[in-house]
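Have the viewer open as you read.

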Amino acid sequence: MKRVLLLSSILILSWLFVEANAAIPPGPPSGFSATAVSPTQINLFWSAPANTGDSPVLGYKIEYKTGSGAYDVLVDNTSNTYYYHTGRTTGQSYTYRVSAVNTAGIGTASNEITVTPTSSSTASLPGSPTELSAVPVSPTQINLSWSAPTNNGGYLITGYKIEFRVGSNPYSVLVSNTGSSSTTYSHGSLTTNQVYVYRVYAITEFGTSQNPSGEAVGQPTASSAPSAPGSPTGLSAVPVSPTQINLSWTAPSPGSSPITGYKIEVKSGTGSYTTLVSNTGSTATTYSHGGLTTGTSYTYRVYAISSVGTGTASNEASATPTSSSTSGVPGAPTNLNAAAVSGTQINLSWTAPSNNGGSPITGYKIEYKVGSGTFTILVANTQNTATTYSHTGLTSGQLYVYRVSAINSVGTSSVSAESSATPTASSSASTPSAPGSLTAVVASPTQITLSWSSPSSDGGSPITGYKISVKKGSGSFETLVANTQSTATTFSHTGLTTGTTYYYQVAAINSVGAGSSSETSATPKETTTPTLTATAVSPTSIILSWVPPSQTYKQSITGYKIEEKIGVNAYRTVVDNTNSAGTTYTVTGLTTGNTYTFVVSAYFTLGGSPISNEASATPLSTSTAPQSQPTTSPPGIPTGLSASPILPTQINLSWTAPSNNGGSPITGYKIEVRKGDGQYETLTSTQNATTKYSHAGLTTGTTYYYKVSAINSAGIGLPSNEASATPTTSSGPQSSVPDAPKLSGTVVSPTQINLSWTAPSNNGGSPITGYKIEYKVGSGSFLTLTSKTTSTSYSHTGLLQNTYSYRVYAINAVGTGSASNTISLTTVSEEPTPKPDQEQKEKQLAAFVDPKQDPQYYVDRYNSEPAYKEWFDTHYGSHYDSIYEAVGLPEPGKKDPIATHIPGFPDPNLDPQYYVNRYNTEPAFMEWFNTNFPGKTIYQVLQIPEPESEPEPEPEPEPRPVDRTQCGPGTHLENGVCVLDKDTKGGGCLVATAAYGTETAWQVQRLREIRDDILLRTDSGTAFMAGFNGFYYSFSPTVADWERQNPAFKETVRVAITPMLSSLAILAHAEINSEQQMLGYGISIILLNLGMYIGLPTAVIVLARNKFHHSKN
């Protein structure tokens, strides 16, 4: 009997061990969708499951059925999250489901989707990307991130088009196609303190999204630096079995780089925290912790991770798995509301259930019925957590009844209460009602904090933001913030005048517009207590934030005491002393649905302040941290305000945007004006970030004074410096042509000279729009090299051994300025190798350098003395790349980039071996390299050692010397025929050179420049030249020799090629920025030449022939 009992115990324990440690398969994939993109093709898409089980997902199983038949396996296992099902029958319905697979097996299937391809089935353009952000991460770089569109139109997103503009200038294409589904991009080499605006389009093989994302504004400043993510909020822990706890949280602000994963820490009981997961490697905000001990309490905290680093910890969350712990379906959604917004549309909204059943809600099921009919499914699974839905295409005058159920990984909840609506011809959405409980609390002598509650009615359309207006004393209301673009219900107004009464109006905004407003007022004054606000940021936590008292009686604040009010004049201490001057604190472990009231008091070095105002908040199941709250404040002060009278009745203003935008993009500027000794009045509040304004209709001879303040979502910043101007009868444009640039140049090869210059210090009062470059060969006349470059550098290629002289002019709206200094450089057959002492003499040292002083003295001061560094950067930073260049020392670790006639090749940021590998493995790359660098090896161009080669075979007999006496330059005589020299580099313009008698003729140079600077810089132009050279050099040596032997034939050729030269000049003046533009211009010019040389003569011959026959008859 004992043996039987022992054996039974072992079996039971073994079964319990296996059950406790059983592998867990993944949950259902999320976001499953299917679209018929043609009469015979259906495309499927899905996302990884929220719960991957206890091991990573290895792939996906796809099943389908035709009509009401049984399911068949379409794909047994694919690692992709999409599938294109082709060869379908038009008019036949197909039903699909997808399951995730891990080491434990096949998980729960997704929802089913039925699709019927028809003769009219087609894909559509993708939707617009969302949540675009632009974060400055250095003084010269902005990082962009965005979310993929929710609707891909039926095809995989393959890339994004990115556009940007500088200030208020027109948009330009930054990247025509990223060629990647990545939703991040880094824009470098920017100008510090300049405002940049961005927008993004999505691209699929079907096309580019019709509309861009919303705009995002970034302004890199001298203090811009990468920042780590914020703290995750709303962390909750739910026991779903005796040995498992499910975690969920809300993603924080990502900082300067997208979030790539989360770090999770855990402690049991009263122990210390240990790392549970160092990096989830996923942006999922859920985690299942299995293999736990029943009855033990576990506490968790979570950190967000990005490429910058790890952020701060979330709130703590605790749970204790018990023998009765289990997960289940969610509770029913509440507050379902159906609102008819047109004769054919009803908008639904509801509140998420307070109980998610232990697993995150992944979607909602929506059902409806017409009149007293039977409920049918409108949406089987919305596949997202949005709590709104628009039902369109309805019949006017018909009653529609709705109910909604919540869905998690376990299943579907019970239905919500029903709600109904009847769309009529007069149905329409309306503006929201007025916000409730608007209060204005004095936070300091210069700050008032506003708070309010959401309006009781959203007008049938979700609230997207609030409009805030303000007036001082008996003045008029003016817009403080046109749209907060957030559902946050607090706002801080700073930079106020102590003792002045401010009146406020707040109105809610939805898709229809701004509703009616609520009003309140307050007078900023000295404060002796903290000013407290409380905000529920998760179902179990409240964040407290306060403004310190302004009157501390000349003492320092050493900490704060935080208390909860539990009765009349009765308080419970939450934190006796924070021992910090920090002004925020998160209270966790609260009960969802209960209202909590708090007060705060400050500790001074001696004594303390009275308690603050009371602040209350109620954590709900839907509570989340307001997205617009982190560290947002009004912008800084605009600088450099100037006023210029340009007409007898007009003054133009210009200024520089503030270096600090307060953490929120600048949306406009408030401009104030006064006449003579009068009072300042608001002239306008602009609605864009433009830093210019024209004030017209003025009185001639009157002096006007101005000041400007920047505006963002947090409010209006402090005003700029004052500027004044007096328009007179002689007022007029003061602009002139710019001063001369300062030019320098370098011979970088026997065939290339690189030019660079500095922009003139005086632009003539009008922005410089470009530069004109002139050159001459030897003692010839100056010719225009280019007149359209906007850069301050230029590479002149395809040169011969000669002396070249250059000069540069700056151009603005008024005209072309005076010429720069003239420089002359001589190309030689080999690179000049100046002696070290000669090279040192050519270096331009900074004026402050004492030749008797060791140059390292200046470097050491620069690296150790901030004041000296600031002085150097201010006075010499624009003239020298570094302190080392200024004092004549080599810069440590700096390697000069390799210069070739192909701009950007090679990339100095890439390992040379990268190009060697491509050359050895990619025939297309090898062909491109050999075409552009004939006679050179990849190792020579990259300036790296050649690999050791195998012993070479015995040399062949020396070839017979060629006779070059009977043929022109670049050719020789073979078998009685002039042919092209094989070692000729770059290819000569033989016919044109012979026609004009010299390679330095401007016509020949023009042909070289078009070939080297335009055609060979594009793939299509390079391919054309490769084919054209094979044809051209088959006859050009013979033609060139005929020209030299026959002057009459030479003149005939000159006349014949003149029209072609004129047509090719089009390329020199065209803006060619893409392969498509190159092909367009190239084909057009080819057709033009065919018309001139073939079409026109043919037409003349036909007309003459017809006229001859007509006269004969």
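Leaving aside residues up to four places away in sequence, T520 touches L438, T439, A440, L450, Y502, Y503 and Y504, where contact means heavy atoms within 4.5 Å. T520 sits in strand 38 (residues 514-522), and its 18% relative accessibility makes it count as buried (under 20% relative accessible area, 1.4 Å probe, protein chains only).

A word on the ground rules: this is a predicted model, so local features need pLDDT of at least 70 and side-chain atom pairs pLDDT 80 or more, while totals for chains, interfaces and linings use all residues. Numbering runs from 1 along each chain as its sequence is written, and side-chain values use heavy atoms, with hydrogens and water left out.

On to helix 3 (residues 855-864), where Y858, V859 and Y862 are buried. They span an arc of only 100° around the axis, so they lie on the same side of helix 3; the arc is taken from the directions from the helix axis to the C-beta atoms. Their cover includes these two helices:

| Covering element | Residues |
|---|---|
| helix 4 | 866-876 |
| helix 5 | 883-887 |

Helices here are DSSP runs of H or I with at least four residues, and strands are E runs of at least two, numbered from the N terminus.

Finally, what does the lining of the largest cavity have by class? It has four nonpolar, eight polar and no charged residues. Among the lining residues are N246, L247, T286, Y287 and S288. Strand 21 gives the largest share of that lining, three residues.

Technical notes: On a 1 Å grid over the protein atoms alone, a cavity is a set of points where a 1.4 Å probe fits but cannot get out, and a pocket is an open set with protein on both sides within 12 Å along at least five of seven lines; lining residues have an atom within 4 Å of a point. Ala, Val, Leu, Ile, Met, Phe, Trp, Tyr, Cys and Pro count as nonpolar, Asp, Glu, Lys and Arg as charged, and the others, Gly among them, as polar. Buried means under 20% relative accessible area, exposed over 50%, partly exposed in between (1.4 Å probe, protein chains only).
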